[in-house]
Amino acid sequence: MATKSVLDRATTNTELDGVSADIGLLIIRVVFGALLAVHGTQKLFGWFWGPGWDANAQGFDFMGYNPGKFFGTLAGLSEITGGVLLAIGLFTPLAGAIVLGTMINAINATWGPGLFGQNGWETPLLFAVVGTGFAFTGAGRFSLDHGRPWQRQGFVVGAAMVVLGVVAAVVTLVFKWVL
């Protein structure tokens, strides 16, 4: 009776090995995108025990994003749009840019306590990194982007989306400091 070692069994190629990265991207996309979209609905609608639009606007005013109603709405819409687009895998690199731009502003707003301080910028940084990753990788095979004429991924697309996200964040920060 011949038995394979654990290493031999772990490295054996199967039919499903060709889609394992796509399954991983699907899981991360759906969970991350849905949670980000829920976070946006908390801001705008008060769903899922969130603060709602008025309290969110006051919070943005307090953080120096005046007028708070404009910037709070922009943040909530960006989180919902970026999250939903990632979850369904549609215009994924652009969704990554939306997440990156939004999270750069979240990092700015939470800079004071530090990376790991209470209400620090650890979570926005994590979200920004995930969004940036999707700007480069695309959504994978199990998405609405797959096989479509608009499907884009790779270094050039990822780099362009990072530039777009950073420029959008900087423009928002300039308006924050000017208004």
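Modeller: Buried means under 20% relative accessible area, exposed over 50%, and partly exposed in between, with a 1.4 Å probe and protein chains only. The model is predicted: local features need pLDDT of at least 70, side-chain atom pairs count only at pLDDT 80 or more, and totals for chains, interfaces and linings use all residues. Residues are numbered from 1 along each chain as its sequence is written, and side-chain values use heavy atoms, with hydrogens and water left out.

Biologist: Why is W121 called buried?

Modeller: Its relative accessible area is 15%, so W121 is buried.

Biologist: And what makes W111 exposed?

Modeller: W111 has a relative accessible area of 52%. The cut-off is over 50%, so W111 counts as exposed.

Biologist: Why is the pair of W111 and W121 called stacked?

Modeller: Rings of Phe, Tyr and Trp (its six-membered ring) pair if their centres lie within 6.5 Å; planes under 30 degrees apart are stacked, over 60 edge-to-face, the rest tilted. The centres of W111 and W121 are 4.6 Å apart and their planes stand at 10 degrees, so this pair is stacked. Both residues lie in the loop between α5 and α6, 10 residues apart.

Biologist: What makes the pair of F32 and F127 edge-to-face?

Modeller: The angle between the planes is 80 degrees, and the centres are 5.0 Å apart. F32 is in helix α2 and F127 in helix α6, 95 residues apart. Both are buried.

Biologist: How many aromatic pairs does the structure hold?

Modeller: It holds 8. Ring pairs also link F60, Y65, F70 and F71 into a cluster.

Biologist: What makes a set of residues a nonpolar core?

Modeller: The members are buried Ala, Val, Leu, Ile, Met, Phe, Trp, Tyr and Cys residues, joined through side-chain atoms within 4.5 Å. The largest such core has 13 residues, and F32, L36, L86, V99, M103 and F127 touch the most other members. Helices α2, α4, α5 and α6 each supply at least two residues. Helix α5 gives the most, with 4.

Biologist: Which residues lie in the second core?

Modeller: That separate core has 5 residues, including F60, Y65, F71 and A75.
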